[in-house]
Amino acid sequence: MTVRVLTGITPSGTPHLGNYVGAIRPAIAASRDPETESFYFLADYHALIKVQDPTRVQRSTLEIAATWLACGLDPERVWFYRQSDIPEIPELTWILACVASKGLLNRAHAYKAAQDRNREAGEDEDAGITAGLFMYPVLMAADILLFKADRVPVGRDQVQHLEMARDIAQRFNHLYGPHFVLPQEVIDERVATLPGLDGRKMSKSYDNTIPLFAPPAQLRRLIMSIVTDSRPPGEPKPTEGSGVFEIYRAFATPEETEVMRRAFAEGIAWGDAKQALFERVEEEIGPLRERYEALIAQPHLIEEQLREGARRVREKYATPFLRELREAVGLRALDKTVVAVRQPSKPKGSRPMFKQYREADGRFYFKLVEGDRTLLVSKGFDSPREAGERIAALKRDGFSAADTTVALSEGVEIETVHQALARLREE
Ligand code: TRP
């Protein structure tokens, strides 16, 4: 069975060598795996959350699309499309918003960080925070769930969003039947983080980047400006901690890297090492830059490709699946048979309930039990009030695997907990 792998790319900012080595190059290599069905899309609705300058949104979308195509993404073998060309995504976003718990979204790191900044600045905690930022995880869940993705490669900062997507999918499945596949994040631990001009991780926020498609003269100038120590030519240089060496290694073969390692040991001059680095990077990037420039000069070709990608992926997946989901939630043609609604009868005796207790350590605990099974056990709280508040929050917002105050008992499926909490809520 082929595995579905889905990658979302937010079109904001100009890609740099770090993005290329850490994300673009490995993702494109992975797209060639015959065992996978790959989805790559430009998350331009997500970009609107950050960028409210229309020309920048448009320009970034063009640049990022051209970058991925120039680097070898093949729209004939992967699904390549633009989020805003798939009306099923915002439609699904609403349907999911109606099952996602607000409490879950309240706990999103990005939203909480924005609130923390406001509080520190003495402002109202929601000052300047849009509902779009708050809803970001729901939109992302729709991106993923609409295509039944099994795997989603992401950075560490996105793991919580995947947990939320699973949580939302489970709630939906519980309410309406098993329509969604639960996606799994894939974090590539080897992902190279490239050092930037100043030796820290190459990142836009440090302003130490080398743009991926800088013209050769600028590329050379930037490489020449990489910070080094002051060892003179002839003095051996450690490769450890050398940005020049690290970037070289990210582009070179193992053999070439060995040759460079020896040159360092033999005291190669920094200027010569940097010249070699420039030449090695240019050897790989030069042909890509040429393709990139040709693509950027013909935006209509990219536009056509994206539209065609969206048309095909909608026809094959998005449109029929959304039809199924609308049916599932009751957005149905009125002339179809209306089925009487029956309440499922609840078996007596095995009602889920929370039990609070105190342990020998003097702290306050609770557990969620159903019949003679224990589903959840809490950590110790300092007061019964705190434990009670946590119970109330669980009843209200549901349980997430990311929750550190309660633990799933061994052998218990998270789905069982969702169902038990849903039953408690109905009572
Ligand atoms: N939030 C992701 C990021 O900033 C981009 C993204 C949007 C995404 N939708 C997605 C990634 C769906 C994976 C799956 O990197």
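What percentage of the 427 residues of the protein chain count as buried? The share is 48%, where buried means under 20% relative accessible area, exposed over 50% and partly exposed in between, with a 1.4 Å probe and protein chains only. The structure on display is a predicted model, in which local features need pLDDT of at least 70, side-chain atom pairs count only at pLDDT 80 or more, and totals for chains, interfaces and linings use all residues. Residues are numbered from 1 along each chain as its sequence is written, and side-chain values use heavy atoms, with hydrogens and water left out.

**The whole chain**

Of the contacts with a separation of 6 or more, 72% join residues 24 or more positions apart, a contact being heavy atoms within 4.5 Å.

**The domains**

Next, colour domain 1 (3-189 + 298-328), domain 2 (213-296) and domain 3 (352-426) separately; these bounds come from an automatic or database domain assignment. Between the C-alpha centres of domain 1 and domain 3 the distance is 32 Å. Their contact takes 9 residues from domain 1 and 11 residues from domain 3.

**Helix α10 and Phe-251**

Select residues 243-251, which form helix α10; 7 of its 9 residues are buried. The buried residues are Gly-243, Val-244, Phe-245, Ile-247, Tyr-248, Ala-250 and Phe-251. Show also α1 (17-30), α11 (254-265) and α12 (270-296), against which the buried residues of α10 pack.

Then centre the view on Phe-251. Beyond its neighbours within four places in sequence, Phe-251 is in contact with Leu-17, Tyr-20, Val-21, Arg-25, Arg-280, Val-281, Glu-284 and Ile-285.

**The nonpolar cores**

Which residues touch the most other members of the largest nonpolar core? They are Leu-17, Tyr-20, Trp-68, Phe-251 and Ile-285, in a core of 53 residues. Such a core is a set of buried Ala, Val, Leu, Ile, Met, Phe, Trp, Tyr and Cys residues joined through side-chain atoms within 4.5 Å. Elements giving two or more residues to this core include β2 (36-42), α3 (54-70), α9 (216-224) and α13 (299-329). The most, 10 residues, come from α12. Because domain 1 and domain 2 both give residues to this core, it lies between them.

Apart from this core lies another, of 47 residues; select Ala-43, Leu-105, Ile-144 and Val-313, which are among its members.

**Two single residues**

Return to helix α3 and select Ser-60, which lies in it. Is Ser-60 buried or exposed? Ser-60 counts as buried because its relative accessibility is 8%. Not counting residues up to four places away in sequence, Ser-60 touches Pro-11, Ser-12 and Gly-13.

Finally, select Ala-392 in helix α14 (residues 384-397). Ala-392 has 39% relative accessibility and therefore counts as partly exposed.

Notes: Helix = DSSP H or I, 4+ residues; strand = E, 2+ residues; numbered from the N terminus.
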